[in-house]
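This briefing is an introduction for a reader who is meeting the structure for the first time. Please look over the sequence and the model, and then follow the points below by topic.

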Amino acid sequence: MSLRSRSVPFAACRGVALGACALCFLPCGFIGVPGGSGGLPGNHFLPTARPGADGRGASRQSAAASSSPTGGLAAGLAALCLGLLLSASPAPAEEEQPQGYVPYILRNPPTAPPADDKAPEIPEKERERRRTAPFEEVKNEDWYTYGRTVYIAKCASCHPAGSNIIDETKSLFPDDLERNGYKEPAKVREIIRYGKGKMPGFAVDCASVVDYTQCGVLTPLDEATLMTLEDFTLNRANLEWRGRG
């Protein structure tokens, strides 16, 4: 089903909700809500109170209005209408993938790094392109989709959309990275590998470089995954985490 055809039921649902909302508010003019204009039997507008010298008349009138059963009914109807409108809002459209597409992570499931694990040799010019290219250029490239999957699995619980739920001054946005001394890719690489503070390290040699308590993962990431995670994180940071990523 195309995105356009998927949006038709949502539009119909929203129309029904708007109609229901109109029906909700229509009776409000006939049930005695202060300021209404209905004239059915049983209409009971609150009396107008002139504030006395001490000004307490107006406050008594306000208190009476807030405790009025008709006022409560109107508030309840308004809440119901709001709920209908929110439930009718369309869900965000999912990105369409080519038919038969299999994510990179399923084609290459992660395994424990081999003893002789080494980082792949990727030209620095290509690394720089990955870190700075716009989303539309890289969104379907294997390294990007794999990096996003790893980021979601390993990083997003503390850094959703580049933020930092533990310390908001240490986000992954460019200004915070620069202020905290992580402007250079080498510094980002170091903290991904060996962690710092409450962040664990993910490299095989983490425990040989820092205290083992800083290495909080049972299965470390291989060198290719560490490199991909670094490039993905820097790409999103350089774009200030805009877009869907």
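**Arg-193 and helix H9**

Arg-193 is a residue of helix H9, in what is a predicted model. With a relative accessible area of 14%, Arg-193 is buried, because buried means under 20%. The points that follow begin with this residue and its helix, and then turn to the chain, the core, the pocket and some individual residues.

- The side chain of Arg-193 is joined to that of Asp-205 by a polar contact of 3.1 Å.
- When neighbours within four places in sequence are left aside, Arg-193 is in contact with Gly-201, Phe-202, Ala-203, Asp-205, Cys-206, Glu-223 and Leu-226.
- Arg-193 is one of the buried residues of H9, which are Val-188, Ile-191, Ile-192, Arg-193 and Tyr-194.
- These buried residues of H9 pack against H11 and against helix H10, which spans 206-209.
- Lys-187 also lies in helix H9, but Lys-187 is partly exposed, with a relative accessible area of 36%.
- Not counting residues up to four places away in sequence, Lys-187 touches Gly-181 and Tyr-182.
- Lys-187 and Leu-177 stand 10 residues apart in sequence, and their C-alpha atoms are 9.7 Å apart in space.
- Just after H9 comes Gly-195, which takes a positive phi of about 70 degrees.

**The chain as a whole**

- The chain has 11 helices and 0 strands, so that reading from the N terminus every element is α, in the order α-α-α-α-α-α-α-α-α-α-α.
- The chain has 245 residues, of which 28% count as buried.

**The largest nonpolar core**

- The largest nonpolar core has 27 residues, and those with the most contacts inside it are Tyr-144, Tyr-151, Ile-192, Leu-221, Leu-226 and Leu-229.
- Two or more residues of this core come from each of helix H6 (135-138), H7, H9 and H11.
- Leu-221, one of the residues with the most contacts inside the core, is in contact with Pro-113, Val-150, Lys-154, Phe-202, Val-204, Leu-226 and Leu-229, once its neighbours within four places in sequence are left aside.

**The largest pocket**

- The volume of the largest pocket is about 710 Å³.
- Its lining is made up of 28 residues, and those that lie nearest the centre of the pocket are His-159, Asn-164, Ile-191, Lys-196 and Met-199.
- Helix H7 (142-154), helix H8 (174-179), helix H9 (185-194) and helix H11 (223-238) are the elements that give two or more residues to this lining.
- By residue type, the lining of the largest pocket divides into 15 nonpolar, 7 polar and 6 charged residues.

**The loop between H7 and H8**

- Thr-169 is placed in the loop between H7 and H8, and Thr-169 counts as partly exposed at 40% relative accessibility.
- Leaving out residues up to four places away in sequence, Thr-169 touches Asp-176, Arg-179 and Asn-180.
- Thr-169 and Asn-180 are 11 residues apart in sequence, while the distance between them in space, C-alpha to C-alpha, is 8.7 Å.
- Ala-161 is found in the loop between H7 and H8 as well, and Ala-161 is exposed, with a relative accessible area of 53%.
- Ala-161 has a positive phi of about 50 degrees although it is not a glycine; most residues other than glycine have a negative phi.

**Helix H11 and the segment after it**

- Arg-236 has its place in helix H11 and is buried, with a relative accessible area of 3%.
- The side chain of Arg-236 reaches the backbone oxygen of Arg-242 at a distance of 3.0 Å.
- Trp-241 lies in the segment after H11, and at 10% relative accessibility Trp-241 counts as buried.
- The phi of Trp-241 is positive, at about 55 degrees, although Trp-241 is not a glycine.

Terms used. Residues are numbered from 1 along each chain as its sequence is written. This is a predicted model: local features need pLDDT of at least 70, side-chain atom pairs count only at pLDDT 80 or more; totals for chains, interfaces and linings use all residues. Side-chain values use heavy atoms; hydrogens and water are left out. On a 1 Å grid over the protein atoms alone, a cavity is a set of points where a 1.4 Å probe fits but cannot get out, and a pocket is an open set with protein on both sides within 12 Å along at least five of seven lines; lining residues have an atom within 4 Å of a point. Grid points are joined across faces, edges and corners, and a volume is the space filled by probe spheres set on the points. Helices (H or I, at least four residues) and strands (E, at least two) are DSSP runs, numbered from the N terminus. Ala, Val, Leu, Ile, Met, Phe, Trp, Tyr, Cys and Pro count as nonpolar, Asp, Glu, Lys and Arg as charged, and the others, Gly among them, as polar. Buried means under 20% relative accessible area, exposed over 50%, partly exposed in between (1.4 Å probe, protein chains only). A polar contact is a pair of N or O atoms within 3.5 Å; within protein, one must be able to donate a hydrogen and the other to accept it, and residues adjacent in sequence count only if both atoms are side-chain atoms. A nonpolar core is a set of buried Ala, Val, Leu, Ile, Met, Phe, Trp, Tyr and Cys residues joined through side-chain atoms within 4.5 Å. Contact means heavy atoms within 4.5 Å.
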